[in-house]
Amino acid sequence: MIKKIETPSSVAELLRMKYSPEWEDFKFDEKAKLIKVAEIKEGPVWMLCAYKNNEKIVFLWEVVTKFAYLCPVTFAYDTVDVNMYSKGFEDDRGAIGEIFQYNGEVSIRWK
């Protein structure tokens with residue numbers, strides 16, 4: 001069975017490809033950060049920031065629903081570690097995601 005692994009670098013590249021044409025003057029982070037937000041109960045969220053001068057834009061990609069969007073507000077979040085979802089979580093397509101360490105980074109492996 002083939003398993004897709006989402007790493008902070010691959011998620012960052014995907015979000016850059018989607019949003020950089022609209023935000024071409026902004027410098028995007030090289031890696032996304034996997035976070036947990038109280039308002040999003042379904043599961044973890046990938047967060048990627050982009051900067052221009054003193055302006056910061058936050059892009060979110062919900063792991064479970066696959067929705068990606070610009071987040072216009074500052075919010076509280078926790079950085080996800082491998083123990084936060086010890087039993088894994090299910091996305092809206094029925095795939096099971098497991099969080100693990102991969103090359104020193106927190107990543108998701110889908111089954």
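Helices and strands here are DSSP runs, numbered from the N terminus; a strand needs at least two residues and a helix at least four. By that numbering, Asn-53 falls in the loop between β4 and β5. Keep in mind that this is a predicted model.

**Stop 1**

Select Asn-53. Its phi is near 55°, a positive value in a residue other than glycine. Is Asn-53 buried or exposed? Its relative accessibility is 75%, and exposed means over 50%, so Asn-53 counts as exposed.

Now select Asn-103. This residue lies in the loop between β9 (96-102) and β10. Asn-103 is not a glycine, yet its phi is positive, about 50°. Its relative accessibility is 68%, so Asn-103 counts as exposed.

**Stop 2: the start of the chain**

Go to Lys-4, in the segment before β1. At 52% relative accessibility, Lys-4 counts as exposed. Show its contacts, leaving out residues up to four places away in sequence: Lys-4 touches Ile-108, Arg-109 and Trp-110. For a distance check, pick the C-alpha atoms of Lys-4 and Leu-14. They are separated by 14 Å, with the residues 10 apart along the chain.

Step on to Thr-7, in the loop between β1 (5-6) and α1 (8-19). Thr-7 has a relative accessible area of 13% and is buried. What does Thr-7 contact, leaving aside its neighbours within four places in sequence? The partners are Trp-46, Tyr-102, Glu-105 and Ser-107.

**Stop 3: helix α1**

Select α1 and draw a line between its end C-alpha atoms. They are 16 Å apart. At 1.5 Å a residue, the 12 residues of α1 should span 16 Å, so the two values agree.

Next, colour the buried residues of α1: Pro-8, Val-11, Ala-12, Leu-15, Arg-16 and Tyr-19. Why do they share a side of α1? They cover an arc of only 135° around the axis, which puts them on the same side of α1.

What covers the buried residues of α1 includes β1, β2 (27-28), β4 (45-52), β5 (55-62), β6 (68-71) and β10 (105-110).

**Stop 4: rings and charges**

Show the aromatic side chains. How many aromatic pairs does a search of the whole structure find? It finds 8. Zoom in on Phe-75 and Tyr-77: their ring centres are 5.9 Å apart and their planes are at 55°, so the pair is tilted. Tyr-77 has 32% relative accessibility and counts as partly exposed.

Select Tyr-19, Trp-23, Phe-26, Phe-28 and Phe-59 together. Ring pairs link these residues into a cluster.

The charged end of Lys-18 sits over the ring of Tyr-19, 5.4 Å from its centre. Then move to Lys-66 and Trp-110. Here the charged end of Lys-66 sits over the Trp-110 ring, 4.3 Å from its centre.

**Stop 5: the nonpolar cores**

In soluble globular proteins, nonpolar side chains tend to be buried together. The largest nonpolar core in this model has 24 residues. Select those with the most contacts inside it: Phe-28, Leu-34, Trp-46, Val-63, Phe-89, Ile-99 and Ile-108. Which elements give two or more residues to this core? They are α1, β4, β5 and β10. The most comes from α1, which gives 4 residues.

There is also a second, separate core of 10 residues. Among them are Val-37, Val-45, Met-47 and Cys-49.

**Stop 6: Phe-89**

Finish on Phe-89, in strand β8 (residues 89-90). With a relative accessible area of 7%, Phe-89 is buried. Show its contacts, again leaving aside neighbours within four places in sequence. The list is Pro-44, Val-63, Val-64, Ala-95, Ile-96, Gly-97, Ile-99, Ile-108 and Trp-110.

Key: Residues are numbered from 1 along each chain as its sequence is written. This is a predicted model: local features need pLDDT of at least 70, side-chain atom pairs count only at pLDDT 80 or more; totals for chains, interfaces and linings use all residues. Side-chain values use heavy atoms; hydrogens and water are left out. Buried means under 20% relative accessible area, exposed over 50%, partly exposed in between (1.4 Å probe, protein chains only). Contact means heavy atoms within 4.5 Å. The expected span of a helix is 1.5 Å times one less than its number of residues. The arc is that of the directions from the helix axis to the C-beta atoms. Rings of Phe, Tyr and Trp (its six-membered ring) pair if their centres lie within 6.5 Å; planes under 30 degrees apart count as stacked, over 60 as edge-to-face and the rest as tilted. A charge sits over a ring if NZ of Lys or CZ of Arg is within 6 Å of the ring centre and within 35 degrees of the ring normal. A nonpolar core is a set of buried Ala, Val, Leu, Ile, Met, Phe, Trp, Tyr and Cys residues joined through side-chain atoms within 4.5 Å.
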